[in-house]
Amino acid sequence: MNEFLKIGFGMERLFFFGIIFFLLCHIATCLWIIIAAIYNENEIGYYKGTWLNSFVTDEDTGEMLETSNAAMYAISFYWTITTITTVGYGDISGVNNLEKIFCSIVMIVGVISFSFANGALASIIQNFDQTNAAY
């Protein structure tokens, strides 16, 4: 692939890490939505007692809002990115025990993978600087 695209090994590694990062974010995003759906599996579209309740229920009237799958995915993807990158604003968090356990797992995996990715990025940049300095 390096010879065909005319990119260096470091850029190939960086591209690979980016793909893996977004794949893991997608999986965590989907699982975050599935957990909310499983918690109230008998009542489809009803998310009382889950993180998703505040996004699909009108606070004033208590009525269900029309929320598209794309909107739920965007909200969940936002949570995933803020959790994995260790920013964690706290505006979306687990409500029930299952969600809290999943949050804890994502936080641990996120910190480890984000630290590994930062180390790899630093290594790529250092190798790039050394290669350019040799010329």
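Of the 135 residues in the protein, 24% are buried (buried means under 20% relative accessible area, exposed over 50%, partly exposed in between, with a 1.4 Å probe and protein chains only). This is a predicted model, in which local features need pLDDT of at least 70 and side-chain atom pairs count only at pLDDT 80 or more, while totals for chains, interfaces and linings use all residues. Residues are numbered from 1 along each chain as its sequence is written, and side-chain values use heavy atoms, with hydrogens and water left out.

**View 1. Overall fold.** The protein has five helices and zero strands, in the order α-α-α-α-α along the sequence. Helices (H or I, at least four residues) and strands (E, at least two) are DSSP runs, numbered from the N terminus. Among contacts between residues at least 6 apart in sequence, 57% join residues at least 24 apart; contact means heavy atoms within 4.5 Å.

View 2. The largest pocket has a volume of about 470 Å³. A pocket is defined on a 1 Å grid over the protein atoms alone, as an open set of points where a 1.4 Å probe fits, with protein on both sides within 12 Å along at least five of seven lines; a cavity is a set from which the probe cannot get out, and lining residues have an atom within 4 Å of a point. Grid points are joined across faces, edges and corners, and the volume is the space filled by probe spheres set on the points. The lining of the largest pocket comprises 21 residues, with F21, L24, I84, S113 and F114 nearest the centre. Two or more of the lining residues come from each of α2 (9-39) and α5 (97-134). Helix α5 gives the most, with 11 residues. By class, the lining has 17 nonpolar, four polar and no charged residues. Ala, Val, Leu, Ile, Met, Phe, Trp, Tyr, Cys and Pro count here as nonpolar, Asp, Glu, Lys and Arg as charged, and the others, Gly among them, as polar.

**View 3. The largest nonpolar core.** The largest nonpolar core has 17 residues, and those with the most contacts inside it are W32, Y47, W51, L52, W79, I92 and F102. Such a core is a set of buried Ala, Val, Leu, Ile, Met, Phe, Trp, Tyr and Cys residues joined through side-chain atoms within 4.5 Å. Helices α2, α4 and α5 each supply at least two residues of this core, and α2 gives the most, with five residues. In soluble globular proteins, nonpolar side chains tend to be buried together. Not counting residues up to four places away in sequence, Y47 touches A36, A37, N40, L52, N53, V56 and M72.

**View 4. F102 in helix α5.** F102 is found in α5 and is buried, with a relative accessible area of 12%. Apart from residues up to four places away in sequence, F102 touches A28, L31, W32, I35 and W79. The C-alpha atoms of F102 and I35 are 8.6 Å apart in space, although the two residues are 67 residues apart in sequence.

**View 5. N96 and its polar contacts.** N96 is found in the loop between α4 (69-84) and α5. With 7% relative accessibility, N96 counts as buried. A polar atom of the N96 side chain lies 3.0 Å from the backbone oxygen of G49, and a polar atom of that side chain lies 2.9 Å from the backbone nitrogen of E99. A polar contact is a pair of N or O atoms within 3.5 Å; within protein, one must be able to donate a hydrogen and the other to accept it, and residues adjacent in sequence count only if both atoms are side-chain atoms. Beyond its neighbours within four places in sequence, N96 is in contact with Y39, G49 and T50.

**View 6. T50 between α2 and α3.** T50 lies in the loop between α2 and α3 (53-56) and counts as buried at 4% relative accessibility. A polar atom of the T50 side chain lies 2.6 Å from the backbone oxygen of Y47. Leaving aside neighbours within four places in sequence, the contacts of T50 are A36, Y39, N40, V95, N96 and E99.

View 7. F9 is placed in helix α2 and counts as exposed at 53% relative accessibility. F9 and N127 are 118 residues apart in sequence and 9.9 Å apart in space, C-alpha to C-alpha. T86 is found in the loop between α4 and α5, with phi near 65°, a positive value in a residue other than glycine.
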